[in-house]
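Open your viewer, keep the selection tool handy, and follow along one stop at a time.

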Amino acid sequence: QATRLLQRSLKVESMMPTLLARAREMFRAEVAEVVLFPLAETDKAVKATLGQGDEVEERLEDLDPTEGVWARVASEDQALLLARPIEGDRLSSYFHSRGVRDAMVAPLHGKGGVVGTFMVANRLGEVSTFDHEDLQVLEALANHASVSLENARLIGRLEDSLARLTEMNRLKDDFVATVSHELRTPLTSIHGCIKTLLAPDADLDPETQRALMEAIDRQA
């Protein structure tokens, strides 16, 4: 059901709430989160988090490779299980500061390799925690989500390119219209003066003829 819903979404913005809500429900988790790595060095990572409420919080941030497990998941290209209690002082301290008791993190793939991470955290219930069977299901969901997210990001880039091309075409049309207007104004004057000079019944004195010729020269 989650996969079908993802395939219907053509934009990251509309896909993210669906993906996070389904993941949270599927794994009986309190938190679901997707981190999309920057597309360029000057960009920031996009982090979308669905906590206890129904609103997805999205924010841009710099990723610190020394914090969390995203760098490890990205480099090893392997999902990671952090059952309760999380082992390791550094990891435990980091996740505790974020209010995370236990978690699973899976890589999201794109054409260039790992493009992000998919995390579910805080298994609901006082006793239960995530296990390896849950991790396998999360990996499967992450693989399906990767395809949908990559397609959505591609569509987003195409839409941005189309918007830029549309703006360029608009500017070009405005430029051509402006140039056409600027050319048409003196040409109209030149044409009118010539018509006056060539009129069969024109009986123009030399001074008037010279004034018309000077107007033609000036407009030309």
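Start on the surface: select F175, V176, V179, L183 and L187, a nonpolar patch with about 480 Å² of accessible area together. Areas come from the Shrake-Rupley method with a 1.4 Å probe.

A word on the model: it is predicted, so local features need pLDDT of at least 70 and side-chain atom pairs 80 or more, while totals for chains, interfaces and linings use all residues. Residues are numbered from 1 along each chain, and side-chain values use heavy atoms, without hydrogens or water.

Next, select strand 1 (29-36). Is it buried or exposed? Eight of its eight residues are buried, so strand 1 is largely enclosed by the rest of the structure. Helices (H or I, at least four residues) and strands (E, at least two) are DSSP runs, numbered from the N terminus.

Then show its neighbours; strands pair if DSSP finds at least two bridges between them. Strand 1 pairs antiparallel with strand 6 over seven bridges, V35 being the bridge partner of T117. With strand 2 it pairs antiparallel over five bridges, and E33 stands opposite T49 there.

Key
Patch = residues over 30% accessible without salt bridge, like charges linked within 9 Å, V, L, I, M, F, W, Y side chains within 5 Å. Salt bridge = Lys/Arg side-chain N within 4 Å of Asp/Glu carboxyl O. Buried < 20%, exposed > 50% of the residue type's maximum accessible area, 1.4 Å probe, protein only.
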